[in-house]
Amino acid sequence: MEEGEKEAAVLAAAAAGSVVESLVAAVVEIAAISDFRNAYKKQFCNLSRRIKLLAPMFEELKESKDPIPPRAVRALEKFNGALDSAKDLLRLGSEGSKIFLLLERDRIMERFQEITSQLEVALNEISFNEIDISDEVKEQVELVHAQFKRAKERIDTTDPELYADLSSVCHMNDDARIDSAMLQRLAEKLQLMTISDLKQESFALHEMVDASGDPGEVIEKMSMLLKRIKDFVQTQKPEMGTPMSAKVIPSHGTSKTPVVPDDFRCPISLELMGDPVIVSTGQTYEREFIKKWLEAGHNTCPKTQQKLSSTSLTPNYVLRSLIAQWCKANGMDPPKRPARTGKPLSVCSAGEHAKVVDLLHKLSSQNLEDQQSAAGELRLLAKRNTDNRICIAEAGAIPLLVNLLSTQDVRTQEHAVTALLNLSIYEENKGKIIVSGAVPGIVHVLKRGSMEARENAAATLFSLSVVDRNKVIIGESGAIPPLVLLLSEGSQRGKKDAATALFNLCIYQGNKGKAVRAGVIQTLMGLLTDPEGAMMDEALAIMAILSSHPDGKAAIRAVEALPMLVKVIRSGSPRNKENAAAVLVHLCNGEQQQQHLAELQEQGMMVPLQEMVESGTNRGKRKAAQLLEQMTRFLEQQKKAEAQAHAQAQGWTQAPLGYSKDTASSAFTDL
């Protein structure tokens, strides 16, 4: 029995020691969290200070040789749990978005109260006479306990004017004019007065939205507010300049900072983009900032929160050109892209270049095994980094890989098309691939290759179609029907690749009719009605872009898509609602307009559309407003027609027997 009691005592001492060690470590971590620059600075600082004042108690318990009573251990365990919650809240206050924290005022204050209460209750359960701590430390802990007790009973509030200003701005329409005094107060009180502050706030906002998975109302409203504050700050502080390297060129001794269009700003940094790149969701970002986002371990699109199918970044040539034109029109130097120094081949060492040349010799041999192994190695090398892509292309690999697209060897064909895909990631190689006549070969693989080869052929066409003139070439090559087929029968990855390629190709008006004639609308309806809904986002995006084409509109009517679109507007994601509304706007213009509007009225769509106007995406709000306007006009016309019919019927009823039709009508009119 004694031996059992000793063993139990040893285990209890070990458990107590573990709890104390954990408490010491938690306080050290909390002490390292600082810079609470937000509306709750006082609350965060008070919470952090009180916790740090308890550090001596935990240090003395750690060094003490006396056992800690079980009751005290349980109280310390409870306190440890409360410290974990406090640590999370303090980290949020240090690293989180200031705007998000203020808008979530009630929830944040509730957390303060909950954590304060938990800490106070846990301290209250510790009997200081039972644990080995000095009188000085005991007095300090009792003082902290009294402070927690008072704080638990007192409800602090944030700056009411600041909260009112922020709420007011967030509920304004995007084109509403904001009072400059209000923007001044917001920028100063939120401490968003420098470019560095604004960058940090933007990144913090995206981090928080990524964690919460809510890209809708939160990101839309807060991003818009950040842009407005940034424009205001730059107007007030011209010395801050325009974003990145875009500087206004003085004219006649004066300078002006024009407001940068939203589409030209990176959604993360809010700055004018110098090197815009497209991610797999179709959104565009400044290369530097999206790379930081990806390197931080995120696998979602910051703006839409969709999962990225790949981490490849495709240069947005069209947007870069538009930005350059805008800068020129406004007398500004365009942002400078990071320059690549030296000639392309200089990125490879002599040994690496020799290896590539050796692989090309094997690629051009008649030995099938050599061709397959060389194509496989080039595929891997091209995947690895940009330097390899430059080196391989400059060595002359592209024409040799194009020749292998028609090979009968399945594995070699897979390697060849995937190597071209990886090479196309480097923007300068896109033109070389097109010039080499690769498109017909890629389309051949898309039609007849293995599923892996077809997937990568579709991804290659997407990568090449980023350049506008290539959309025409690819569309005329017969690529669209096999892409539609892959969208219908491919693997999940194959469907995603086909969808992104089709969406990009159909941006060009001439390709829309080709896609409709290939049966894409029927395929899209199949994806929309799939119970799993895995391709809902892509299907609606493609349908929205095709609904602007007369053939597309007719095909959507033919498959009776309206009930599905209504369902999406009722319960879909913000982005899907936006695209569904865009399709309905086109359907309700032109032929069968009255029929579609009547169906929407029967489905009770007024309320869901009004909700969209209030809380949808920017584009979604516009589309919902258009539909509501059309439905309102339709209802007014209906009421007018019913009133006329009713009036005419009354006239007939009241007319005396024997009166003619004209007499009856006249009699009614006189009443």
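Which helix holds both D468 and K471, and how many residues apart are they? Both lie in helix α22 (residues 468–476), three residues apart, about one turn of the helix. The legends below take this pair and a few others in turn.

This is a predicted model, in which local features need pLDDT of at least 70, side-chain atom pairs count only at pLDDT 80 or more, and totals for chains, interfaces and linings use all residues. Residues are numbered from 1 along each chain as its sequence is written, and side-chain values use heavy atoms, with hydrogens and water left out.

View 1. A salt bridge is counted when a side-chain nitrogen of Lys or Arg is within 4 Å of a carboxyl oxygen of Asp or Glu. Helices such as this one are DSSP runs of H or I with at least four residues, numbered from the N terminus. K471 counts as buried because its relative accessibility is 4%, while D468, at 38%, counts as partly exposed. For these words, buried means under 20% relative accessible area, exposed over 50%, and partly exposed in between (1.4 Å probe, protein chains only).

**View 2. E29 and K87 join helix α1 to helix α4.** The two side chains form a salt bridge with an N to O distance of 3.5 Å. E29 lies in helix α1 (residues 2–32) and K87 in helix α4, so the pair ties together parts that are 58 residues apart in sequence. K87 is buried, at 11% relative accessibility, whereas E29 is partly exposed, with a relative accessible area of 35%.

**View 3. E29 also meets R91.** This salt bridge spans 3.7 Å, N to O. The pair again links distant parts of the chain, with E29 in helix α1 and R91 in helix α4, 62 residues apart. R91 counts as partly exposed, at 30% relative accessibility. By the same rule, the count comes to 24 salt bridges.

**View 4. P67 in the loop between α3 and α4.** Helix α3 covers residues 55–63 and helix α4 covers 70–95, with P67 in the loop between them. P67 counts as exposed because its relative accessibility is 70%. The C-alpha atoms of P67 and E130 are separated by 9.6 Å, and the two residues are 63 apart along the chain.

Key: Helices (H or I, at least four residues) and strands (E, at least two) are DSSP runs, numbered from the N terminus.
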